[in-house]
Amino acid sequence: MSQQGYVAAPPYSQAQPGMGGYQGGFGSGPAQPLYGHYGGPPQAFTAPPAGMMKSPVSSAAGMPPPPVSSQYNPNVQQNGAHPQRYPAPPAASAAYGQPPQSPYNSMASPGPPAPQQLTNQMSAMNLGSYAPGPMQSPPPPTSSVAQQPFQTPPPPAMGQPQMPPGPQSPHMSQQMSPQMSPPQSPPASMPMAGPPLAGPLMVGSQMAGPPMGGPPMGGPPMAGMGRPFPGPPPPGPGGFQQPSPGAAGPLGYPQQAGQFGGQMAGPQPGMPGAFPGAPASLAGPPQKKLDPDSIPSITQVIEDDQLKKGGQVFSTNIRGQVPPLVTTDFTAQDQGNASPRFMRCTTYSLPCTADLAKQCQVPLASIIKPFASLPKDETPLYVVNHGETGPIRCNRCKAYMCPYMQFIDGGRRYQCGFCNCVSEVPVFYFQHLDHMGRRVDFYERPELSLGSYEFAATLDYCKNNKLPNPPAYIFMIDVSYNNIKSGLVKLICDELKTLLEKLPREEGAESSAIKVGFVTYNKVLHFYNVKSALAQPQMMVVSDTAEMFVPLLDGFLVNYQDSRAVIYNLLDQIPDMFADTNESETVFAPVIQAGVEAFKAAECNGKLFIFHSSMPTAEAPGKLKNRDDKKLVNTEKEKTLFQPQKGVYEQLSKDCVAQGCCVDLFLFPSQYMDMATMADVPSHTGGSVYKYNNFQVETDGEHFLRDLRKDVQKSIGFDAIMRVRTSTGFRATDFFGAIHMNNTTDIEMAAVDCDKAVTVEFKHDDTLSEETGALIQCALLYTTISGQRRLRIHNLSLHCSSQLSELYTRCETDSLINFFAKSAYRAILNQPLKNVREILVNQTAHMLACYRKNCASPSAASQLILPDAMKVFPVYMNSLMKTAPLVGSTELSTDDRAHQRLSVMAMGVEDTQLLLYPRLIPLHTLDVNSEALPAPVRCSEERLTDSGMFLLENGHSMFLWLGQAIPPDLIQSIFNLPSLAHLQGHMPALPELDNPLSKKVRSIINGLLDKRPNSMKLQIVRQRDKPEMLFRQFLVEDKGLHGSASYMDFLCYVHREIRQLLT
Ligand SMILES: [Zn+2]
């Protein structure tokens, strides 16, 4: 080729079906259906970042004026001009940036680390011995396809049957036969073990063939669903190791079910995504194996980072410094940049030019978790209070005072690090500079010396110029027949009696300022007056759900401490009041509407906790009907399954955000309930959705209550609006999260809690300077749990380089995968799954090929060379493509897929990392005297042992897997049973036995449950029992269901693509 094929293709600016899809099809895509401007094309946006409270006038062209932002003081909005372009930097550029003697000298780039081209020839991948491929369906003719691999790349149809290219495919066999024999010699194994590779990893692979010579890999005709993976390595016998042949084997592979919910049936023949070739491939001749230990391992990477950086202090004083991995235990010390707990980036070295960014296709993004919980040994954020003046901000770009403001003129003026504008220092804020040009009060002011801090906000930052009231929590319980009968209503009422004692409160406060209210509902709504003066609670019924109003003001939202007796009384009575109900129909939208109206009337914001069990079919606004249609799976229309119903819910989201009403939804479905629509409001208001399929109090009660307790007690901010400012040369262009956007810059969240993250993508609009680097300031305006208005500021400085190698060296794979998961999950709202999967694979290959071409030292084309910081990127990408939303299978529950899609959109880096690569912990070798958790092993069947016991968790599901030959004494210690055979039925938790092993195992499980944002239901599975399928789907290195590729296969496929790009 034709380097043009990949270098010259303008992937960032052109929507090509395969390669170019990054921006055209992916990053921005067609306008998000719910909100036209949500994720709209970045080119529509030309205004520079303006003030936090951007005036409607300054909204990007074509954007509707944001009604919400107009609720803020217009004076603030009008401050400063809104130039359409950044002015050129002042001529005296020396004044800009940090002078060498400045306190931030230390933030200067430490210089590029010496390129350690420590390469490691690994093992020869034997691709030569392609299986005969008797089982794949013949690809359609592709002969007309031009040799433009990147113009029309092969849709790898991940998640679909991935057969070796077979002889049926004429062009394929032509291409491949020369390479097919003789089989290559066994791998010259150069195991990865040993010291962590500092340099690029080389997986030398004598990928026999350039089957990627062109046409076979190229044509759109190959794009069909269910097509064989056009040219990947063979699944089974083709020289690749099958997961331990002794165990269940591919035939026994479970369905790839949603990682959420795990509702799935057994494998069914003939489903579209089936893997017809599996049996045949099993029957193939035994082939040489590539040692799976020789391909990059996530567990190894995690362990290495923990060894290197675990237990240490990570000081944030260096610009562009790559933090420890999310899995590593470290202490962050704020020395001028935000802790990685608040902000992580896909790379800490931005390419200087847009051209370089386009060339490598590595997304430039930051994942911001503004409310992240800090460990006890890290300092909570300081609050800076400038009284009535409010925070000091740049006159032009409205950036907040921060370490990147350079004081000049003896301290009388300062130059903004973001826009270079020079502003006067307010008189009250004046301070002399020391001999280094640093303010004398540098260390006394968090906003001058720290990366993260808060400002007390003034009235200008409050709605209607009024200080906010404390927020309220309203508990809204569906009391229809099913919920009463299952005992759920009683369970909730009983729990609330103790849980309400633990509402979040301000540090040092005696009690929580949060008010509480109660609603029950089925087809009608019941409001309760729980005023403390009452002896008995009073119920008021609203049956006109079309015009929802709140029938009482006084006594609905109360202080829990004051009204405790009446509330107790109410919670005792609710289950009895509805004990004889026959009502099975419910309303839903009016319930949310009632919450919004209540907050409006009380002039407060807050959160609704809705406990709901069925699709709302009663005659009322937002009534839904079953639109689940499995026939749409794998068609152009599959996206409609993920799209919410428009109309009522869309408007409701806007109303909620405007009022600062966050919606948390606890769902207890026994069948389809249109998750895509029902979860729409929560997913735009910073809310969470929990789902308990076929809920039973005995088996799921504790699991649900753990979620509820965590949720109620979470640290949280309300009525939030976030703005991400950047220094000149680049800007935030796209945003992913449980957010709402009325324009292209203001990220609105009715609430934001400690687990919610917003992923922000950046694009260049000019050249970045290596000297000054790049700055990001995230400002979050919100209301605290006691009703104070605050601004939380996070600052981060990044390195910039004209060398792409710097970018690759400072990449963070866990952040990259968070970005890709969110962008792919958004893309499926508008595009067929196969396009999305195709883009993911192509971009993976492209990113790695660019590295190979520009950064790696010359080596044989047969070697797969991966940048060290991205060496496990392919495992994650492959795992992502196996997730339920991206797998087109009629086996999967539509609701589970929609649920996972929405949950991931709000996840931070830790959560996506764990979701895509579960922890698999061997417990049979546990040292009961050791404090340490046993080292996790790779998520592959071959790591399991028949006599073993393994714990697997991914943040949403948890399994205890028991091998068939597990020693009876182990079973005795854990279950108090004589043998594995005696283990029957479901067990919601392990029995509490008084022996060291039982105690240790339970403490490990409880430790994990405490640590994760969500509860997990412990599922105990025995090897080769039917439920084991549920567990197997999490062994993400293995071949998945519906033919999705194993890690090894995927790596080989990507290698092929890379070679093709480089040819
Ligand atoms: Zn500025």
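Predicted model: local features only at pLDDT ≥ 70, side-chain atom pairs only at ≥ 80, totals over all residues.

Is Cys419 buried or exposed?

Analyst: Cys419 is buried, with a relative accessible area of 1%.

Start with the metal. Cys419 coordinates the zinc ion through its SG atom. The other donors are the SG atoms of Cys394, Cys397 and Cys416. The distance is 2.3 Å.

Next, the geometry. The angles among the four donor atoms run from 98 to 116 degrees. The site is tetrahedral, because four donors count as such if all angles lie between 85 and 135 degrees. For reference, the ideal angle for four tetrahedral donors is 109.5 degrees.

Now the sequence. The donor residues follow the spacing C-x2-C-x18-C-x2-C. Cys394 lies in the loop between β7 (383–384) and β8 (406–408). Cys419 lies in the loop between β9 (413–415) and β10 (422–424). The pair therefore ties together parts that are 25 residues apart in sequence.

Cys394 has a relative accessible area of 0%. Cys394 is therefore buried, since the cut-off is under 20%. Cys419, at 1%, is buried by that cut-off too.

Last, the annotation. An unreviewed UniProt entry places the feature "domain: Zinc finger Sec23/Sec24-type" at residues 391–429. In the model, this span is 0% helix and 23% strand. Its end C-alpha atoms lie 11 Å apart.

Note on methods:
Residues numbered from 1 in each chain as written. Heavy atoms only, no water. UniProt positions renumbered as here; feature names shortened; annotations may be inferred. Helix = DSSP H or I, 4+ residues; strand = E, 2+ residues; numbered from the N terminus. Donors = N, O, S within 2.8 Å, 3.2 Å for Na, K, Ca; no water. Tetrahedral: all angles 85-135°; square planar, octahedral: opposite > 155°, others 65-115°. Buried < 20%, exposed > 50% of the residue type's maximum accessible area, 1.4 Å probe, protein only.
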